[in-house]
Amino acid sequence: MKFVKAVLICGLLSACGEDDTGNREVIALTSPDGHSFQFMPIIEDGVSDITVTIAWATDWSYDAANHPAVPFVGAEAILSGGTSTLKPQALLEVFDDANAGGHLSAGADYIYGELGFPREYTDKIVPLAAEMLAKPQLDPAWVSRIAAGLMANQEQSKAQSATQMWMAARVAIFDDAPILGYLSLPDTKGIADVTRDMVFEWHRQTLTQDTAAIVVTGAINAADAGRVVDTLLGQLPQGPARPAGVSAPNFAQRTILLHLPDAEKTTIGLIGQLPPTREGNDLVDLLAVRILGNSDGPLFDAVRSELRASYGLQAGYANFDRSARVLFITGEVEGEKLVAARDVILQTYADFRQDPQIGDFEKLRDGLADGTDDNVKYVNVAAQTIREFLLDGQDVKMAPKLGDVIRQITIDDVQMRLRSAFPKADDLIVIVASPDADALPGACVITQILQAATCP
Amino acid sequence: MVIWGNLTVAQVKQAFGGGYLGQEPQSATPLPDLPDATINDVSQVAAAVATPMLLYQKLVRRPECGSPAACQAAIGILYDALTSTLSGGLAGPLRFDAFLARSFEVYLFDIGEDGLLFQFYANTDTGVTPQALHNALDDVLAKTAQNGLPNETFQKVKERALPDFNDRENEQIAVRDMLIDQISNRRTPYDRNALKDAWQQVQPDAVQSVLQAIVGDGRTVVRYVNPISQ
């Protein structure tokens, strides 16, 4: 009886997907081989592209025994190595001829893969992508080259004060937890030690049939989408997957000055914790941060009127991982105005959090909603949005209607969210990278990034 | 000023009190003529870079290539060919067959009335000097110019771009970007269909003459950039 019911549901769903699924409606399906996935058909004149995005959970970056650069090198090496029968450049040509593209990116707790291709190239591109995923060539020369490139980029980036300020901030927040290795790659020279064997081991652990999310969008019907999913995953090991890593951030207030005698600029960051996106209200947060950091918004107003300066301050939020979401206000300031800038930014944020005076709230909100509507129309953005909703346990059906969700946000929602979920100004970590060790009286002054862990 | 969006000419006129619109577009102010002098300025510099780089720029006189759209098509096809791994491109010999450039970027602009600027920026692979990469680049370009861009490459590059011209999903943004590019480069605007037509009609000779120009006389500035510590 159970068997019959299962078949019936499956049959109904695929029939539903093929014939009755509304255009740009998200439904949950199961592929013939039993993989659950989210499907959103876009059957519209002029749309011929299909996007498949897959997320795999990983805890590689949470184990000190693992080399932290491996996910970055591995993700690129899988895509750069060709297949057993096609050399790297020949494979690239096949993708270019088809106007197809793919990428893998390494988050701390999830690896994200995306494949985009026009409908008529489905049978050519999908099997090739499946082979790249399951049997990467990982030519040692390419692994070394990719590691060398990553090393050079890191070295270049770490020459900047802002990068060093963020590295110190992450040390303050995570102490010596392994995730720091992923977030900062502090041992730049050590990136050269990544071996092919390490990449194989990471690949074996991570890319399995036991995925965290699969989404198919675009010019494809439900039955074909199921076959695409099965082809992409079919050659991978069964799993089980590793669990998604979880970090333990410490956002306790500290005031830290990283003394960089040779720095040309002074960089300030005010950093606090926001609740994880899986708890919802992400869009309210986005709107609040946009209003705060808008070029006509309170931060810029205060900097202009009270400091008589035009610093490019940036307000935003980001995930270190899905457990640790960071709110930040950061930018370069004049060294001699550092204390005043810190005070003005903190006061402005405190006032905004308590009582945001938002003159053009509806205009700002609707502008964001319109922009989101435009963006989510794209086949690949739609797939990414659905994937993020899925990983956060949100209602995926709302993903294509994000603009409408934003339009329903009221000024009261923003006010309430600011007071309940945003950190108090007094609780923000204040971190500065400065050529002047005495620029911020009362700060814990450090000369090495790792010393940030010792600041009270 | 570029106005772009879901609105009619009448709405824009109303918004501007009728003043700005309805005039014939003025032709672009041409940039000054290029001097004829040939320059070959090659030198070493030390900079705050992690690994060695090659910076290569060459300004040449653009050959006759017909209408602005026809010129853009010939330049665009050469650009696509050079950045591809197809035969005649740079990626094969410099990045895949041999590990000389770990990564590289190519830019090809028409400048003013009759100028053409070729730029090549690259990070060298481990153990490769910028000078060695420069020599390899010159060799590859000279060889392709001598043999001509292979017809198969020419045809493939032409075909690959056609779906982009027909891509309605991105059409509005492509039209806007093209217009901004034309105006900011002081060119008289022409529309996307003209470019599409030109792309379909362009002949191998037109592309070949642009390539010949790049390897011919011009004003070349090359910097071998090495990390300060070396």
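The model is predicted.

Chain B contains 8 helices and 5 strands. Their order along the sequence is α-β-β-α-α-β-β-α-α-α-α-α-β. The C-alpha trace of chain B extends about 65 × 40 × 35 Å along its principal axes. Chain B has 230 residues, of which 29% count as buried. Contacts in chain B between residues at least 6 apart in sequence were also examined, and 79% of these join residues at least 24 apart.

Chain B also meets chain A. Here 21 residues of chain B are in contact with 19 residues of chain A. Three elements of chain B each supply at least two residues of the side that touches chain A: helix 3 (91-96), strand 3 (101-111) and helix 5 (151-165). This side of chain B comprises 8 nonpolar, 7 polar and 6 charged residues.

Within chain B, helix 2 (residues 68-83) packs with helix 7 (residues 192-201). The angle is about 55°, and the axes lie 8 Å apart. Helix 2 of chain B is therefore oblique to helix 7 of chain B. The crossing of helix 2 of chain B past helix 7 of chain B is right-handed. Helix 2 of chain B contributes Ala69(B), Ala70(B), Gln72(B) and Ala73(B) to the contact. Helix 7 of chain B contributes Ala194(B), Leu195(B), Ala198(B) and Trp199(B). By class, this contact between helix 2 and helix 7 of chain B has 7 nonpolar residues, 1 polar residue and no charged residues.

Terms used
Residues are numbered from 1 along each chain as its sequence is written. Chains are lettered from A and ligands numbered from 1 in the order in which they are written. This is a predicted model: local features need pLDDT of at least 70, side-chain atom pairs count only at pLDDT 80 or more; totals for chains, interfaces and linings use all residues. Helices (H or I, at least four residues) and strands (E, at least two) are DSSP runs, numbered from the N terminus. A residue is buried if 20 or more other C-beta atoms lie within 10 Å of its own, exposed if 12 or fewer, and partly exposed in between; C-beta atoms are placed from the backbone. Two residues are in contact if their C-beta atoms, placed from the backbone, lie within 7 Å. Ala, Val, Leu, Ile, Met, Phe, Trp, Tyr, Cys and Pro count as nonpolar, Asp, Glu, Lys and Arg as charged, and the others, Gly among them, as polar. Axes are lines fitted to C-alpha atoms, for helices over the stretch in contact, and angles run from 0 to 180 degrees between N-to-C directions. Angles under 35 degrees count as roughly parallel, over 145 as roughly antiparallel, 65 to 115 as roughly perpendicular and the rest as oblique. A crossing is left-handed if the near helix is turned anticlockwise from the far one by less than a right angle, and right-handed if clockwise.
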